[in-house]
Amino acid sequence: MKFGIDTFGCDSGKSGVGSYLLSLTQNLPSDENCEAVLFGHAADRYTYSNALPFAQVLCGDSLNALRFWHNFSAEAFYKKNGISAVLYPAAARLMPGRFKTPGAAVLHDSLSVVLAKSRFSHRLALRGFGRVQKIIVPTNYIKNDLLRLGFDGAKIAVVRHGIDHNRFFQRPLDNDELLNLKPFAIKRPYIIYPSSVSGPSKKHIELIKAFEIFKKRTGSPHRLVFAGAESEWGREVHKAAFESSVSSDIFLTGFFPNEGFPLLLSGADACVFPSVQEGVGLPILEAMAAGIPVAAAASGAIPEISAGKAILFDSDNLEEMADAIEKVLGDKKARQKMILDGLSWSKKFNWQECARATIDVLRGLV
């Protein structure tokens, strides 16, 4: 069996979906009866895995060009390359509307959130997810959203995302004030919010305001570090940070290189994650694996993914968020319990198991 992995829509590894694909391809099981081939633009030939074959697709870069290829040229490409089933890691962005070659669509967010973005996206998403043979989701939160929308539960497979425990682990750090991570030198102590700056639901601005309250209450020396790629919404967040009374203690890194991110996370005293529409919230698990206590929003998939190992808060209640920050930093007994519980819980998530289960789903399509 040969199955294809669609790299389109995965941002060349520089997003959550891209990180998912990078980890998945690096952990695919060796099986002489099951061959994987990645396909996409030539620029991604070495982005995800040097060990896997790559088939270049000749088409434009625009979203319309990519949609045209998926709907009118993909089947001929699959036939030419002997592909018998296809994995669509960025299915909410790009996949065909019809599936002569069986497909499995990976959905990383609730479909309700995807449908709310625009009427055109609504039509495309419903058509694609309605016709694809299997939908892979990482949490029961997303599965339950699909069930509410009327999807057949037998069509949905829950496959947990993993953590790279060779990168995210508890590491002892010296007491140096500066954490040198070229091209950054970040002053400690700090709390971190590791997430893309992509829209209001991420609640960066609310966190800035709650951080102000926390600083005024405590006089803490902690800084606030936002680490994540930025969209147009980043302008609003930069403006709020600049106008904040504690602007000198707020630092936005933009997209942070993958190789240095685990050390950046390990250097934090806490991870604060106020996003309210997360379908997974993987950085929460990565922080736990690094031995970092977590305070996070009590919404989306976060209560499921944190499993009682984090302090939860209402992201629209600034005082409550400030309370959570103060507790996760100041209560030594609570911190130590969260650290130990988080380390234990995060061990249940690994990419080898995720990759194996994903291949099992694809095998079931042929």
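Two strands count as paired if DSSP finds at least two bridges between them. Keep that in mind as you look at this predicted model, where Ile192 has Val225 in E11 as its bridge partner.

- Strand E10 (residues 190-194) and strand E11 (residues 223-227) run parallel and are joined by 5 bridges.
- They belong to an open sheet of 6 strands with parallel pairing, and its order reads E12-E11-E10-E13-E14-E15.
- Strand E12 (250-252) and strand E15 (311-313) sit at the edges, so each of these pairs on one side only.
- On average, neighbouring strands here are turned by 20° against each other, ignoring direction.

**Helices packed on the sheet**
- Helix H7 (residues 204-218) touches E10, E11, E12 and strand E13 (270-273), and its direction makes about 170° with that of E11.
- Helix H12 also packs on the sheet, touching E10, E13, strand E14 (294-297) and E15; the direction of H12 makes about 170° with that of E15.

**Where H12 meets H13**
- The axes of helix H12 (residues 318-330) and helix H13 (residues 332-346) are 6 Å apart and cross at about 85°.
- Angles of 65 to 115 degrees count as roughly perpendicular, so that's how H12 and H13 are described.
- From H12, Lys327, Val328, Leu329 and Gly330 take part, meeting Lys332, Ala334, Arg335 and Met338 of H13.
- Sort the residues of this contact and you get 4 nonpolar, 1 polar and 3 charged.

**Thr101, a residue in a loop**
- You'll find Thr101 in the loop between strand E4 (85-88) and strand E5 (103-106).
- Is Thr101 buried or exposed? Its relative accessibility is 10%, and because buried means under 20%, Thr101 counts as buried.
- Leaving out residues up to four places away in sequence, Thr101 touches several others, including Tyr78, Ile83, Val86 and Gln133.

- Most residues other than glycine have a negative phi, and most peptide bonds are trans.
- Asp11 has a positive phi, near 60°; this residue lies in the loop between strand E1 (2-6) and helix H1 (16-26) and is partly exposed at 35% relative accessibility.
- Ala307 has a positive phi too, near 50°; its place is the loop between helix H11 (302-306) and E15, and at 27% relative accessibility Ala307 counts as partly exposed.
- The peptide bond from Arg188 to Pro189 is cis, with omega near 5°, and Pro189 is in the loop between strand E9 (184-187) and E10.

Note on methods
Residues are numbered from 1 along each chain as its sequence is written. This is a predicted model: local features need pLDDT of at least 70, side-chain atom pairs count only at pLDDT 80 or more; totals for chains, interfaces and linings use all residues. Side-chain values use heavy atoms; hydrogens and water are left out. Helices (H or I, at least four residues) and strands (E, at least two) are DSSP runs, numbered from the N terminus. Buried means under 20% relative accessible area, exposed over 50%, partly exposed in between (1.4 Å probe, protein chains only). Contact means heavy atoms within 4.5 Å. Axes are lines fitted to C-alpha atoms, for helices over the stretch in contact, and angles run from 0 to 180 degrees between N-to-C directions. Angles under 35 degrees count as roughly parallel, over 145 as roughly antiparallel, 65 to 115 as roughly perpendicular and the rest as oblique. Ala, Val, Leu, Ile, Met, Phe, Trp, Tyr, Cys and Pro count as nonpolar, Asp, Glu, Lys and Arg as charged, and the others, Gly among them, as polar.
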